[in-house]
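This briefing covers one protein chain.

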Amino acid sequence: MHKEAGTQAPHSCGWQPWRRFVAPVLLLVTAYTLLIPLPAYAYIDPATTSYIIQIVSGLIISLSVAFGIYFRKLQMSLVTWRARMSAWLVRLSTRKPDQQTAGRTARAARAGKAGKAGKFAEAARDARGESILQPPEPIKTHRQLSLEAMQRAVASGSAVGGVATGGVAFVGADAGSSAGQGAGSGFGAGSGSGFGAGSGASAGAGAASGSGAGQPTYRSTRPFNKSQFLFADGRRFRERLLMAALIAAGIAFTLVVFGCIDLFVTNRVLFAYSLLDILPAILGLFVLLTVVLAALMLVWRGRVFDLVASLFAGLLVMLYLQGNFLNLDFGVLVGDNFPWQNYAKEAVLNSAVWLVVVLIPLMVRIVSQKVWRGLVLFVPALLIAMQLVGIVSITAGTDVFSRPPEEAYLAEDGLYELGSEQNIVIISIDSIDQRYVNELLTAEPDFFDGKLDGFTRFNNNINHYAATYPSVLDMLTGQRYEPGLPKEQFVNQTWEQSTFLPELHAGGYKVALGLNDPENLPDANVVAGYVDNVKTGALYVNQTMAVRRLVRLSCFRYLPHVFKSSLWMSTDSFTQDAYHRDGFDDKDDIFYRQLTTVGLHVGDSPRHFTFFHLRGVHEPYIFDENFQPISDSSQVSAAQVTKADFTLVFEFLDQMRALGLYDNACIIITGDHGVSSAGRNASLQRGMSDPLVTALFVKPAGSHGTPLQQNSAPVSTDNLHATVLKNAGLDASSWPPDYFAVPEDADIVRDYYWINKSPRGWQLDIMEVRGDANDFKNWKRVGEMEVT
């Protein structure tokens, strides 16, 4: 049985056989992405609350839109049925005589079979004597229109065999069913029936004798216009502008606005400035990035525009999923190197997920342009709305928008002064592990010869914590971490309750702290009563640098795993974005430059206590052994940076000797914590993997004229305070014994707290160390403590 002419479906386009599998694939990918998320931890853990609020708000918005569409369609249906009922009632109330009814029937028959809506509309029009608009006919495809035009041409006899007006020619015909059957007068027409068919000789291309077996087919005689196929676009510019603007705004809002604000608010203690100080720069960058991304899409038209917009829309969706669900647990990036090479499989899997999800909008575009248009408009708007709700929730009730015009800080005043009679100096070199000193001495065995006169090296010393906070706080107060208190409250309370520095100040010592660390001292007002270099002044904020670092950190969170190693950074870098112009800078190369240019001098106080905390051997390294800046941390080793720091120490000691103040001084060279050989973050999930022993060199007052001594006593930060107080001539009986009072064979249990990631959140693994801390067999885990 033959089909009617012109109803032949166009030839298959290659991708149609697997078209039916697109929906199941999309469903599986969506289920994997949303139902089996991997842990997500940003550079510094953002609050989980914001994620939950975003998800809830997204569900509410989506349901609102769905209900809106449903009720809109219901409203349209009711209006349609109301119109139909009205037409029916009009027809009943205005019934005419039989001849009028017969006339209407004849007119309906001549017009062809119509639907119920057409009958009602016609009856109402006849009754009221006015015109009612009919529903538009279904829009026909280009091929249907072309086929109908040629059929009309054949019927009118205006076509020639093998050639048809409009650029389309028939190459074969069915003698039994082709439109326009009959003998034609055109070139190549035979005596038989059917276009281009007959029993005689025919010159028309594709002529057939007898009856054909198939439907008429056609081909375009015009050459394929690739440019028109790719770039022809019947849409208005404002329609493409709306799509491009929404997608671009969604990407820029995620990376710049929400990413930066979320990281700032959830880690407020790290920033000495207000969100208002950098908000104009954030919004300006958001607008700029939106314009640039939208322009990259709008330069294209037609199918190419759809392709580019689809890829950008997929990028937006994947950025959101990566930042909230797909990140690995990188721990808290405090600067320690991360073993990216150990996560190659995760990187490949993550890249595969990115490839699939980014291509989903393009697959939707192939299946249905109408559905695609709705998605590329709705999804970006939904994500922006969700993240706006998240911003409101995390900023409400916080002080992120407020900062006093002036605040207390630690100035450089007094840091380079020495007392005319007695001095106590502590130089804390961040992350100076015992291993680094051993590596330096292996390369240069005589490095310390003659330079540490009167010093004793304690090679069995530990701090109590594996990070600068709260290790420096412990060194300056003698107070241990107290769980259950918010961080800033605990820090301020610790400074207020400590008696260590107040005792020194009361004993006649001028106390100066070289510290640039908002974690260990967020408010310098709490030490203003006994620290002499506290000043009050306005904070200078470098908006450009601050936003650059926040955006880089946001990209670390949102971009694929393969890009994260190039975006890795340290918390310490944020202290460089806001500073007081005469505040202390903890970078070693700047401190060394101050020593060699300004130098030490004798102040107006006979007794001085000075504490310096330097950036030291903390990764990433920014200078070599000669204090020359480097761009790549891998260019130098930890031993080289350790050598540079001791060059700084030797310069400090030489200047003290030149001033005649060396012999009577107590000098302590140490660090705030050691470093695991595998990197601290590398073993966060597994706990400690090797011992952390901090380098320690101590010169008591009056000790000089002797070479460097070695001591293996089991000491720790607990012994620091009594050593200082004893050398200051003050009562130290309420503190643990000083370094030199601990026997080398003492059976002492020292405690250590290793920060670790547990399923419940951050915790401190409580370790006990008995005997030689250099032997990891002497380290034992005995408990845990939750971190608030």
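The model is predicted, so local features need pLDDT of at least 70 and side-chain atom pairs count only at pLDDT 80 or more, while totals for chains, interfaces and linings use all residues. Residues are numbered from 1 along each chain as its sequence is written, and side-chain values use heavy atoms, with hydrogens and water left out.

**Overall**

- The chain holds 20 helices and 20 strands, taken as DSSP runs numbered from the N terminus (helices H or I, at least four residues; strands E, at least two).
- Of its 788 residues, 48% count as buried; buried means under 20% relative accessible area, exposed over 50%, and partly exposed in between, with a 1.4 Å probe and protein chains only.
- Contacts (heavy atoms within 4.5 Å) between residues at least 6 apart in sequence join residues at least 24 apart in 77% of cases.

**Salt bridges**

- Side chains of opposite charge can pair when their charged atoms come close.
- A search of the whole structure gives 23 salt bridges, each defined as a side-chain nitrogen of Lys or Arg within 4 Å of a carboxyl oxygen of Asp or Glu.
- Asp 399 pairs with Arg 268, with 3.8 Å between the closest N and O atoms.
- This pair links distant parts of the chain, 131 residues apart: Asp 399 is in the loop between α11 (369–395) and β3 (407–410), and Arg 268 is in the loop between α7 (237–266) and α8 (275–298).
- Asp 399 is partly exposed because its relative accessibility is 44%, whereas Arg 268, at 18%, is buried.
- Arg 480 and Asp 751 form a salt bridge with an N to O distance of 2.5 Å.
- Asp 233, Arg 235, Arg 240, Asp 306 and Arg 365 belong to one network, joined by salt bridges that share partners.
- Within that network, Arg 240 and Asp 233 have their closest N and O atoms 4.0 Å apart, and both residues are buried.

**Packing of α7 and α9**

- The axes of α7 and helix α9 (residues 302–326) come within 10 Å and cross at roughly 25°; axes are lines fitted to C-alpha atoms over the stretch in contact, and angles run from 0 to 180 degrees between N-to-C directions.
- The two helices are therefore roughly parallel to each other, as angles under 35 degrees count as roughly parallel, over 145 as roughly antiparallel, 65 to 115 as roughly perpendicular and the rest as oblique.
- Residues meeting across the pair include Arg 240, Met 243 and Ile 247 in α7, and Phe 305, Phe 312 and Leu 316 in α9.

**Buried positions**

- Gln 422 lies in strand β5 (residues 422–429) and is buried because its relative accessible area is 14%.
- Leaving out residues up to four places away in sequence, Gln 422 touches several residues, among them Tyr 509, His 608, Asn 664 and Asn 727.
- In helix α18 (residues 588–597), the buried residues are Asp 588, Asp 589, Phe 591, Gln 594 and Leu 595.
- The cover over these α18 residues includes β13 (607–614) and α19 (638–658).
- Gly 599 follows α18 and has a positive phi, near 80°.
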